[in-house]
Amino acid sequence: MTTTTGGGTPGTDPGLDDVFSNTVRLRLCAYLSGCEEADFQAVQDYCGLTQPTLSKNVTVLADRGYVAVAKVASGRYTRTRLRLTDDGRVALDGHVAALQAIVGQARAQHDA
Amino acid sequence: MDETTARDQADEALRAVRAASRPSLPRPLCATAALCAGAGVALLAQGSGVAKVVTLVLALALLAAAHLIPSTARRRRGLHGYRGGARTENTTFLLCALVLVVVGGTATAALAAIFVGLGVAVAVAWYAMLRGVLVAGGRTRS
C-alpha cells in the first residue's frame, strides 16, 4: 500500500491522501488536530459512530502512524485517549491544502 | 476529485477542528465566563492606593476564571489541551490581557470609565466567541 504524507498517491489528485478518502477518518483526524489529546468517548460522540466502527478507523490510522492511542488510568476505569501524531498532522495539512487547491482551481476556471 | 466534494471535505475538516478547539458550551457557562472577563477588564483601572492593589488582584482572578471556566468544561468533555489556531488565539488573548493589566495598573482615574466601556466590549466579544458566533479575526461562523 502506498503511504502518502501530503505527497499524493499515484493515480489520484496530487497531495490527496488516500486514507482521508474516507470522510470519517478525515473528520476524526481534523477533530484531533484541535486538541492535544481527546478521549475515545468524546471522538465517538462527535463522529456519531459506534465503538467498533470508530475502533476500526482508529486502527487504520494508528497503523499508518497518524494517530497514537494511549490508555490512561481514571479512578477505577481506564480511558482510551487519542492523539494526532506529527506525521498525521503533516498528512492532514497536506490533504486539506490539496482540497483547497482543487476548489481554488475550479473557481479560477469558472472565473476565466 | 470534483470541486463540490473537495469543498465539502474541506468544510468538514474545518468544522471538526473548530468543534475540538472551541466546542459549543451552555449559555449560562458562557455568560458567567463573559461576565468574569468583562468585570476583570473593567476593574483593572479602578481605585487608588491599597484599593487599587485589591481591585487589580481581583481583576486578575476574574480574568483567570474567564479562561478556566470554558477550559474546564472542555476538559470534562474529554478534550485536553489546545493545538493549532486555538493555541495561537490563546497566546494572543494572554498578550492582550498582559497589556491591559500593565496599562490598567498604571492608569489614572480618568481612564477608569474607558476601562468600564472596554469591559463591556470584552464581555460581549468573549460571550460571542464562546458561543461560536465570533471567531478570532472578526470572521463569523457560517
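Predicted model: local features only at pLDDT ≥ 70, side-chain atom pairs only at ≥ 80, totals over all residues.
## A helix across a shared sheet

Which strands make up the open sheet, and in what order? There are four, ordered β2(A)-β3(A)-β1(A)-β1(B), and the pairing is antiparallel. The edges are β2 (67–74) of chain A and β1 of chain B, each of which pairs on one side only.

## Where the chains touch

The link between the chains within the sheet comes down to two bridges, which join β1(A) to strand β1 (residues 79–80) of chain B in antiparallel fashion. Glu37(A) sits opposite His80(B), and Ala38(A) has Leu79(B) as its bridge partner.

Now for the whole interface: 24 residues of chain A are in contact with 22 residues of chain B. On the chain A side, at least two residues each come from α1 (23–32), β1 (37–39), α2 (40–47) and α4 (86–111). By type, that side of chain A splits into 14 nonpolar, five polar and five charged residues.

## Chain A on its own

What does chain A contain? You'll find four helices and three strands, and going along the sequence they follow the pattern α-β-α-α-β-β-α. Of the 112 residues in chain A, 37% are buried. If you take contacts in chain A between residues at least 6 apart in sequence, 54% of them join residues at least 24 apart.

## Chain B on its own

Chain B has five helices and three strands, running α-α-α-β-α-α-β-β from the N terminus on. Its C-alpha trace spans about 65 × 30 × 25 Å along the principal axes. Buried residues account for 31% of the 142 residues in chain B. For contacts in chain B between residues at least 6 apart in sequence, the share joining residues at least 24 apart is 77%.

## Helix α3 of chain B

How does the end-to-end span of α3(B) agree with its number of residues? Helix α3 (residues 50–76) of chain B has 27 residues, so at 1.5 Å a residue it should span 39 Å; the end C-alpha atoms are 38 Å apart, which agrees. Just after α3(B) comes Gly78(B), with a positive phi of about 95°.

The buried residues of α3(B) are Ala59(B), Leu62(B), Leu63(B), Ala66(B), Ile69(B), Pro70(B) and Arg74(B). In general, an α-helix has 3.6 residues a turn, so residues three or four places apart point the same way. And what do the buried residues of α3(B) pack against? Their partners are α2 (27–43), β1, α4 (85–105) and α5 (112–130) of chain B.

The mean pLDDT of chain B is 88, and 94% of the residues score at least 70. Among the elements of chain B, α2(B) has the highest mean pLDDT, at 95, while strand β3 (residues 139–140) of chain B has the lowest, at 48. Over residues 137–142 of chain B, pLDDT stays under 50, and the model has six contacts beyond four places in sequence for them.

Key: Residues numbered from 1 in each chain as written. Chains lettered and ligands numbered in written order. Contact = placed C-beta atoms within 7 Å. Nonpolar A, V, L, I, M, F, W, Y, C, P; charged D, E, K, R; others polar. Pairing = 2+ DSSP bridges. Buried ≥ 20, exposed ≤ 12 C-beta atoms within 10 Å, placed from the backbone. Expected span 1.5 Å × (residues − 1). pLDDT = per-residue confidence, 0-100.
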